[in-house]
Amino acid sequence: EAERKKAEEEARAKQPSEDKAREAEDERLEQERKAHAEAEEEAKRKKAEEEGLAQQIAEDIAETVEEEGVELGRDIHAETEQQADQKNAKEEARGKQASEDNARAGEEERLEQERKARAEAESEAERKKAEEEARAKQASEDNTRAEEEESLEQERKAHAEAEDEAARKKAEEE
């Protein structure tokens with residue numbers, strides 16, 4: 001019973017601090033909502049101001065164009081033509097540059113292909129040279145072996161002839 005009462009008292013003591021925390025959180029959220037609403041209002045006001053200003057500028061320009069009339073129209077036409085000429089010149093320069101870049105890329109590709117072909121040819125030549133050196137070495141070893149076998153055969157024949165001669169002399173002496 002005492003424990004139950006103690007737990008109830010602790011819960012009651014804890015409740016006000018939780019309520020205060022909840023109230024503080026609610027207050028904070030309300031402040032954020034207000035600040036957000038004020039920011040939106042300010043943004044709308046500025047947008048309306050900017051739109052009004054843009055409209056005023058457009059009206060001023062229209063009025064100025066109307067006042068200056070034909071002269072301004074001629075100036076605008078000349079400027080437009082100049083801008084078009086500049087744009088055409090830039091596009092021609094870009095086209096020329098692209099053409100040069102393509103030509104350079106093609107040349108670099110051709111040089112790379114030549115380099116690869118040369119490297120492959122050198123590699124093939126080295127491989128063939130190595131094969132020929134190996135064949136020459138093998139032939140030399142084969143010749144040396146053949147010469148040694150011929151020499152051994154000569155020695156064997158000479159030895160056999162000497163034995164035959166010795167046997168013949170021995171038979172004569174007997």
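Okay, housekeeping. This is a predicted model, so to speak: local features need pLDDT of at least 70, side-chain atom pairs count only at pLDDT 80 or more, and totals for chains, interfaces and linings use all residues. Residues are numbered from 1 along each chain as its sequence is written, and side-chain values use heavy atoms, with hydrogens and water left out.

Take Ala 103 and Ala 35: they sit 68 residues apart along the chain, and their C-alpha atoms are separated by 62 Å. Then Glu 112 and Glu 68 are 44 residues apart in sequence and 63 Å apart in space, C-alpha to C-alpha. Ala 103 lies in helix 1, and Glu 112 is found in helix 1 too.

What about burial? Buried residues make up 1% of the 174 in the chain. The cut-offs are these: buried is under 20% relative accessible area, exposed is over 50%, and partly exposed is in between, with a 1.4 Å probe and protein chains only. Ala 103 is partly exposed, with a relative accessible area of 49%, and Glu 112 is partly exposed at 30%. In total, the protein chain exposes about 15,800 Å², and carbon and sulfur atoms supply 50% of it. Those areas come from the Shrake-Rupley method with a 1.4 Å probe; for residues, only the protein chains shown count as cover.

On to charge. Lys and Arg count as positive and Asp and Glu as negative, while His and the chain ends are not counted. There are 35 positive and 62 negative charges, and their mean positions are 5 Å apart. Each charge is placed at NZ of Lys, CZ of Arg, CG of Asp or CD of Glu.

Which residues gather in a patch of negative charge on the surface? Glu 59, Asp 60, Glu 63, Glu 66, Glu 67, Glu 68, Asp 75 and Glu 79. A patch here is made of residues with over 30% relative accessible area and no salt bridge; like charges are joined within 9 Å, and nonpolar side chains (Val, Leu, Ile, Met, Phe, Trp, Tyr) within 5 Å.

Ile 57 has its place in helix 1 and counts as partly exposed at 43% relative accessibility.

Back to the salt bridges. Side chains of opposite charge can pair when their charged atoms come close. A search of the whole structure finds 17 salt bridges. In our opening pair, Glu 131 and Arg 127 are four residues apart in helix 1, so about one helical turn separates them. Glu 131 is partly exposed at 34% relative accessibility, and Arg 127 is partly exposed at 39%.

Next, Arg 145 meets Asp 142 at 2.8 Å, N to O. Both lie in helix 1, three residues apart, about one turn of the helix. Arg 145 is partly exposed at 42%, and so is Asp 142, at 34%.

Towards the end of my list, Arg 168 and Glu 172 form a salt bridge at 2.5 Å, N to O. They are four residues apart in helix 1, about one turn. Arg 168 is partly exposed, at 38%, whereas Glu 172 counts as exposed at 58%.

Finally, a network: salt bridges link Glu 1, Arg 4 and Glu 8. That's my tour, thanks.

Methods:
A salt bridge is a side-chain nitrogen of Lys or Arg within 4 Å of a carboxyl oxygen of Asp or Glu. Helices (H or I, at least four residues) and strands (E, at least two) are DSSP runs, numbered from the N terminus.
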